[in-house]
Amino acid sequence: MTPTFRTALAFGALLPAALGLAACGGDDDKGSGSTSAGSGGGEAKTIALLLPESKTARYEAQDRPGFTNELKRLCPDCKLIYSNADQDASKQQSQAESAITNGADVLVLDPVDAESAASTVTRAKQSNIPVISYDRLIQKAPVDYYISFDNEKVGKLQGEALVKALGTPQGKSIVMINGAPTDSNAAMFKKGAHSVLDSSGVKIAKEYDTPDWSPDKAQTEMEQAITAVGKDKIDGVYAANDGTGGGAIAAMKSAGIDPKKVPVTGQDAELAGVQRIIAGEQYMTIYKAPKPETEAAAKLAVALARGEDAPAGLINGESDNGSGTPIKSVLLDPVSVTKENIKDTVVKDGTYSVDELCTKQYADACKAIGLSEAR
Ligand code: BGC
C-alpha cells in the first residue's frame with residue numbers, strides 16, 4: 001500500500017469520529033465540524049472553510065463536498081475545519097476566530113457581510129494567516145486571493161434572458177428581486193442586470209433588495225409587488241437566484257398567477273430550480289459550474305497552507321476590493337440555462353443525472369423537452 005493510499009484511507013476513516021468530536025466541542029452549529037487525518041509526518045496542515053448560509057442549496061450540496069473531496073485528493077494529511085454561518089455575520093466572525101485558535105493555516109472565507117468581514121481578515125493577518133475570499137469579495141481588506149465567477153456577467157445574462165423571454169419588452173412591467181445588500185456579489189448581479197434592463201424598454205414596476213437572500217423574504221416581497229402592481233399587470237420577474245425565484249413563484253401561485261405565463265430568472269442551477277425549468281415554472285437559471293470553483297479554492301488553499309505560491313496557470317485576473325491593492329483572482333465563466341440546454345450543461349458536466357432531474361413528477365415534462373433520451 002502506498003503512503004498516499006494509506007493516508008487517504010485514514011482521512012475517510014476518521015471523518016465520522018472527528019465530526020462527532022466537533023459536535024461535543026461547544027460549537028452547536030449543525031453544519032460545523034472538523035475532519036482530521038491525525039499526525040501525518042509534519043506535512044499536516046489545517047485549512048478552514050467558512051461558508052455563509054444554508055438556505056441556498058449550493059453551499060451544503062456543492063461547495064462543501066466539492067472542496068472536501070479535492071482537499072482529500074490533494075492533501076490526505078490536511079485537516080479541514082468547516083463552518084456554516086447560517087446568514088449570521090457575527091457567528092461567522094466567531095467561527096473564524098475559533099478556526100484561528102484551532103490552528104488554521106489558511107482561511108477560505110465566503111463572507112456573510114462583505115464589509116464587516118474585513119475585521120476577520122485583519123485578525124487573520126495578525127497571526128500571518130492568508131485569506132482566500134471565496135465566491136464573494138471581502139471589501140477594503142488585504143485578502144490574498146479571490147475566487148469567483150464574472151458576477152456582472154451573471155446579471156447581464158439574467159437580464160438578457162428575461163428580455164428575450166418577454167418577446168417585445170417595450171412597456172412590459174417587471175419586478176426585480178435582488179440579493180442581499182450585505183453581499184458584494186448581489187451588487188454586481190444587480191448592476192449587470194440593470195445594464196441590460198434599463199435600456200430595453202421594460203418598466204421596473206417594483207424593486208427590492210432581499211435581506212440574507214432569504215427565499216421567505218423574497219416571497220413576501222413578491223406578495224407586496226402583486227398587491228401594489230396588480231395581479232394581471234406583472235409580465236416578468238428578475239430574481240437574482242433560484243432561492244429568491246422559488247419564493248417569487250410561490251407568491252404568484254398563491255395569488256392565482258400561473259408562473260408558466262410569467263418568466264422568472266434565477267441562478268445557481270439548484271436541483272429544485274432546474275426542475276422548475278423542466279416543469280416550465282421558471283424560465284432560466286445561471287449555471288456556475290461548482291467543480292472549477294471548489295477545486296481552484298482547494299488547490300490554492302493547500303499551496304498557501306504549505307507556504308507556496310499559487311499553482312501556475314490558476315490566476316487569470318485581478319479584482320478591486322477598495323483596499324488600494326488589486327486582488328489576484330480566479331474568475332470563472334457563468335452560463336445561462338433554459339430548458340433547451342439543460343442536457344448540454346448540468347447533465348453533460350455530471351452535476352445532475354437525468355434520473356435525479358426526471359423523477360416521477362417531472363417524467364412527462366422531461367419527455368416533452370427531450371431530456372429523457374439523454375439517459
Ligand atoms: C452567490 C450565489 C448565491 C447567493 C446566495 C451569492 O454570493 O454567488 O451563488 O445564490 O450568494 O447565497
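With which residue does Lys299 form a salt bridge, and how far apart are the closest N and O atoms?

Reply: The partner of Lys299 is Glu70, and the closest N and O atoms of this salt bridge are 3.3 Å apart; the term denotes a side-chain nitrogen of Lys or Arg within 4 Å of a carboxyl oxygen of Asp or Glu. The two residues belong to distant parts of the chain, 229 residues apart, with Lys299 in helix H10 (residues 290-305) and Glu70 in helix H2 (residues 58-74). Helices (H or I, at least four residues) and strands (E, at least two) are DSSP runs numbered from the N terminus. The model is a predicted one, in which local features need pLDDT of at least 70 and side-chain atom pairs count only at pLDDT 80 or more, while totals for chains, interfaces and linings use all residues. Residues are numbered from 1 along each chain as its sequence is written, and side-chain values use heavy atoms, with hydrogens and water left out.

The partners differ in their setting. Glu70 is buried, at 4% relative accessible area, whereas Lys299 is partly exposed, at 28%. Here buried stands for under 20%, exposed for over 50% and partly exposed for the range in between, with a 1.4 Å probe and protein chains only.

The structure holds 19 salt bridges. Among them is a pair formed by the side chains of Lys153 and Asp333, with N and O 2.8 Å apart. Since Lys153 lies in helix H5 (residues 151-166) and Asp333 in the loop between strand E12 (327-332) and strand E13 (335-337), this pair ties together parts that are 180 residues apart in sequence. Lys153 is partly exposed, its relative accessible area being 29%.

Lys291 pairs with Glu295, the closest N and O atoms being 2.9 Å apart, and both residues lie in helix H10, four residues apart, or about one turn of the helix. Lys291 counts as exposed, with 53% relative accessibility. Elsewhere, salt bridges with shared partners join Arg58, Asp63, Asp135 and Glu293 into one network.

The side chain of Ser148 reaches the backbone oxygen of Asp135 at 2.8 Å. Ser148 is found in strand E6 (residues 145-149) and is buried, with a relative accessible area of 0%. Its side chain makes a further polar contact, of 3.1 Å, with the side chain of Asn151; such a contact is a pair of N or O atoms within 3.5 Å, where within protein one must be able to donate a hydrogen and the other to accept it, and residues adjacent in sequence count only if both atoms are side-chain atoms.

The largest cavity has a volume of about 100 Å³; a cavity is a set of points on a 1 Å grid over the protein atoms alone where a 1.4 Å probe fits but cannot get out, and lining residues have an atom within 4 Å of a point. Grid points are joined across faces, edges and corners, and the volume is the space filled by probe spheres set on them. This cavity is lined by 14 residues, with Tyr59, Phe189, Trp213, Asn241 and Asp268 nearest its centre. Helices H2 and H6 (184-197) are the elements that give two or more residues to this lining.

Conventions: 1 Å grid on protein atoms, 1.4 Å probe; cavity = no way out; pocket = protein on both sides within 12 Å on 5 of 7 lines; lining within 4 Å.
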